[in-house]
Amino acid sequence: MAKEKAIKELEDLPGIGPTTAEKLKQLGFDSVEKIATASPHELAELSGMKLEAAKQAVDAAKQATTLEYATGTTVYEKRKSLGRIETGSKGLDEMLGGGVEANAITEAYGKFASGKTQLGFQLSVNVQRPIESGGLGGKVLFIDTEGTFRPDRIEQIAKAAGMEIKDTLDNILVVRATSTDQQILAVERADKLIKESNVKLVIVDSLMALFRSEFLGRGALGERQQKLNSHIHKLQKLADTYDLAVYITNQVMDNPAILFGDPTTPVGGNIVAHAATTRLYLRKSKEDKRIVRLVDSPNMPEGESVIKITPDGIKD
Ligand code: GTP
Ligand code: MG
């Protein structure tokens, strides 16, 4: 009796020949595990496979994937050794427990000119520094949905940090997305780039702008939230798989249900609220000062910290 072949490669899955396997790898589905966690619809749509074949492949991949259980101690060790990106402000770093965390999504929300993009620029420079100097020694994938990426500002910040300007700019891979489809694809196709280029920070600035303008009215809300949910879960998966930090910016609205106190609320609803590991609320203070409030964090107390947006970048 023929022994069943162990499933190790994509080609070992039913319905996947060498050509489809190659195509899937190009799309970022480069392991049996990735197929196991993909949705058959997504797989069929992206690869051109028949839905039925995609379902069979996903099922077989699920059966072939074994779950590993980690003890609390291992998880604790991993958490302690988690990388962090310093923000340029000691006070803000302290409030965050050392900086912006890898393996997690950090969200900054606030009104216009509150400093969300500027913090993203600073992180884009700082992440390139070695671990012992407050970075993660890696590159940046910057998904720009608002057309506000400014290389000249990166140049200023890099120069002030004593870093090689051309290298710093070359290490930031910018994707300009003008539709939610492009924004979603930029994340879906990111695996290869992240691995090859050692990306340690993925930025989406801003997460919601295109979603808000494309899905108007109550009727579109369900579809919007579905797409958004899948998008943000893929971001989380990148953070987990590649030990990188995800930084997203978000817009705000006034919540009419809040009668007393500050009605400023981030958009995107529960889906964004649940997905963001750490939430920061930025607001303008006098001149170049900004108040950063830690609203939600898994292990740090709520608090506030004042930063400054200086010509040299973010400072205390
Ligand atoms: P929206 O994207 O409009 O929602 O705002 P944002 O929160 O992203 O604001 P952003 O980070 O772009 O902050 C804008 C503010 O940063 C400006 O009002 C300036 O105060 C400051 N800023 C922007 N560029 C520079 C610069 O080159 N030098 C200095 N010193 N400050 C800058
Ligand atoms: Mg901005």
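Visitor: Which residues are closest to ligand 1, and how many surround it?

Guide: This is a predicted model, in which local features need pLDDT of at least 70 and side-chain atom pairs count only at pLDDT 80 or more, while totals for chains, interfaces and linings use all residues. Residues are numbered from 1 along each chain as its sequence is written, chains are lettered from A and ligands numbered from 1 in the order in which they are written, and side-chain values use heavy atoms, with hydrogens and water left out. Ligand 1 is surrounded by 15 residues, and the closest are A113, G115, K116, T117 and Q118; a residue is near a molecule if one of its heavy atoms lies within 4 Å of it.

Visitor: What places a polar side-chain atom of K116 in polar contact with an oxygen atom of ligand 1?

Guide: A polar contact is a pair of N or O atoms within 3.5 Å; within protein, one must be able to donate a hydrogen and the other to accept it, and residues adjacent in sequence count only if both atoms are side-chain atoms. The K116 atom lies 2.7 Å from the ligand 1 oxygen, so the pair meets the limit of 3.5 Å. For R290, a polar side-chain atom lies 3.3 Å from an oxygen atom of ligand 1.

Visitor: Why is S114 called buried?

Guide: Buried means under 20% relative accessible area, exposed over 50%, and partly exposed in between (1.4 Å probe, protein chains only). S114 has 1% relative accessibility, and therefore counts as buried.

Visitor: Which residues does S114 contact, leaving aside its neighbours within four places in sequence?

Guide: They are L282, R283 and R290, where contact means heavy atoms within 4.5 Å.
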